[in-house]
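Subject: Structure handover

Hello,

Here is the structure you are taking over. My notes on helix packing, sheets and domains follow below it.

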Amino acid sequence: MTTESTDPVISVTDLTKTYGDTTAVERVSFEVYPNEIFALVGPNGAGKTTTVEILECLRTPTSGVAQVLGYDVGEQSRRIKQRIGVVPQSFHTFDRLTVHENVALARQMYEKGRDPDDILERLDLSEYADTRFATLSGGYQRRTGIAMALVSDPDVLFLDEPTTGLDPAARQSTWEQIERLTDLGTTVVLTTHYMEEVEELADRAALLVDGGIVAVDTVADLVETYGGDVKLVVDPTEDQRGELEARLRSVATDVYQDDTGNLVGIFEDRYDAQEAFGQLLDIEGDHSIELTGAGMEDVFLQLAGGTVGSSGELR
Ligand code: ATP
């Protein structure tokens, strides 16, 4: 970030976008602060791409105000474009050029920026520098996109669905790369329909449903406020069932036995549950314990009345 101030990097007020009869985004308001990872999360068609593409100055708002780095997206788009990086949902670049050539080409489009070799090193792409884009795996193609967006040294980086279509290993390593971007002082705005991605990466999130924001807060506070109860699931050995159940009853709000014979303790507070987890783990024996929920999945269920499937559909 160029400044240590806590003035928002992005400020959106009552933003609305209609396409004919379709209202894609309706009176959306949120702020993004310096150096955070902010997620716009929601199912397909919720208005995530429309919102970020307005911030990227690619679409014009129907009404409302959207500012990036203090500049208005309508009137000062040239200034904004010089200071942002964008990796679109379906990122593609020159197939026949190598990773290094693609990143160097992106660098040439800007007056100032970073050394392509440094960026490749930072994103663990150096060993693929001479590999043609077309022959890279999906994960490395996406990473090349991030390198090309970062080479201009942007203040804000927009990532639209950064891990959609990637296998779990590629997704995990992409998350690690994105997490490290804030070391560069870059504010990251991403869109996603993966709740796990939000939990893993985002400091704060806005939940979008049908073009409107239903909640915006830190991920921890969203889970705390809307996530509901936390459960400790204990799979006891028969000879220890009584002891474990008694211990669980002494700390949990409620205890029941599920269909498979596991003991389930309900906690209203995650910290109480974590403490109980430690206590039960200290009891010698062959029992296993798992701490489950609450997570963004529960938050979404509570606020949107459904969950988001792996392809982004609201179920
Ligand atoms: P996805 O992940 O599927 O891209 P999204 O949350 O990004 O979903 P948007 O792409 O912003 O959602 O779409 C929001 C709504 O606006 C949808 O109903 C979509 O069909 C509609 N829409 C988006 N772009 C256009 C357009 N150019 N013309 C007409 N309708 C559009």
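**Helix packing**

Helix α5 passes α6 in a right-handed crossing. (A crossing is right-handed if the near helix is turned clockwise from the far one by less than a right angle, and left-handed if anticlockwise.) Before going on, the ground rules. This is a predicted model, with local features needing pLDDT of at least 70 and side-chain atom pairs counting only at pLDDT 80 or more, while totals for chains, interfaces and linings use all residues. Residues are numbered from 1 along each chain as its sequence is written, and side-chain values use heavy atoms, with hydrogens and water left out. Helices (H or I, at least four residues) and strands (E, at least two) are DSSP runs, numbered from the N terminus.

Back to the pair. α5 and helix α6 (residues 168-181) pack at an angle of about 15°, and their axes are 10 Å apart. Axes here are lines fitted to C-alpha atoms, for helices over the stretch in contact, and angles run from 0 to 180 degrees between N-to-C directions. α5 and α6 are therefore roughly parallel to each other. (Angles under 35 degrees count as roughly parallel, over 145 as roughly antiparallel, 65 to 115 as roughly perpendicular and the rest as oblique.) From α5, the contact takes Gly139, Arg143, Ile146 and Leu150; from α6, it takes Ala170, Ser173, Thr174, Gln177, Ile178 and Leu181. Contact means heavy atoms within 4.5 Å. By class, the residues of this α5 and α6 contact are five nonpolar, four polar and one charged. (Ala, Val, Leu, Ile, Met, Phe, Trp, Tyr, Cys and Pro count as nonpolar; Asp, Glu, Lys and Arg as charged; the others, Gly among them, as polar.)

α5 (residues 138-150) also meets helix α3 (residues 99-108): their axes come within 8 Å and cross at roughly 30°. That makes α3 roughly parallel to α5. The crossing of α3 and α5 is right-handed. Val99, Asn102, Val103 and Ala106 of α3 meet Thr144, Ala147 and Met148 of α5. The residues of that contact are five nonpolar, two polar and no charged.

**Domains**

The domain assignment gives domain 1 (10-224) and domain 2 (228-294). These bounds come from an automatic or database assignment. The centres of domain 1 and domain 2, taken over C-alpha atoms, are 40 Å apart.

**The β11 to β14 sheet**

Four strands make an open sheet in the order β12-β13-β11-β14, with antiparallel pairing. β12 (254-257) and β14 (288-292) stand at the edges with a single partner strand each, so one side of each has no neighbour in the sheet. The twist averages 20° from one strand to the next. Two strands pair if DSSP finds at least two bridges between them. Strand β11 (residues 230-235) pairs with β14 over five bridges, in the antiparallel sense. Lysine 231 stands opposite threonine 292 in β14.

Two helices go with this sheet. Helix α9 (residues 241-251) packs on the sheet and touches β11, β12 and β13 (263-267); its direction makes about 10° with that of β13. Helix α10 (residues 270-282) lies across β11, β13 and β14, and runs at about 170° to β14.

α9 and α10 also pack at an angle of about 160°, with axes 11 Å apart. That makes α9 roughly antiparallel to α10. α9 passes α10 in a right-handed crossing. Leu244, Arg247, Leu248 and Val251 in α9 meet Ala276, Gln279 and Leu280 in α10. This α9 and α10 contact divides into five nonpolar residues, one polar and one charged.

**The β1, β2, β4 and β5 sheet**

Another open sheet of four strands has the order β2-β1-β4-β5, again with antiparallel pairing. Its edge strands are β2 (22-32) and β5 (71-72), each pairing on one side only. Strands β1 (residues 10-19) and β4 (residues 63-68) run antiparallel and are joined by five bridges. Threonine 16 stands opposite serine 63 in β4. Helix α1 (residues 48-55) packs on the sheet and touches β1, β2 and β4; its direction makes about 120° with that of β1.

**A hairpin**

Strands β9 (residues 204-209) and β10 (residues 212-218) run antiparallel, joined by six bridges. Alanine 205 has aspartate 217 in β10 as its bridge partner. β9 and β10 form a hairpin with two residues between them, and aspartate 210 in the turn has a positive phi of about 50°.

Best wishes
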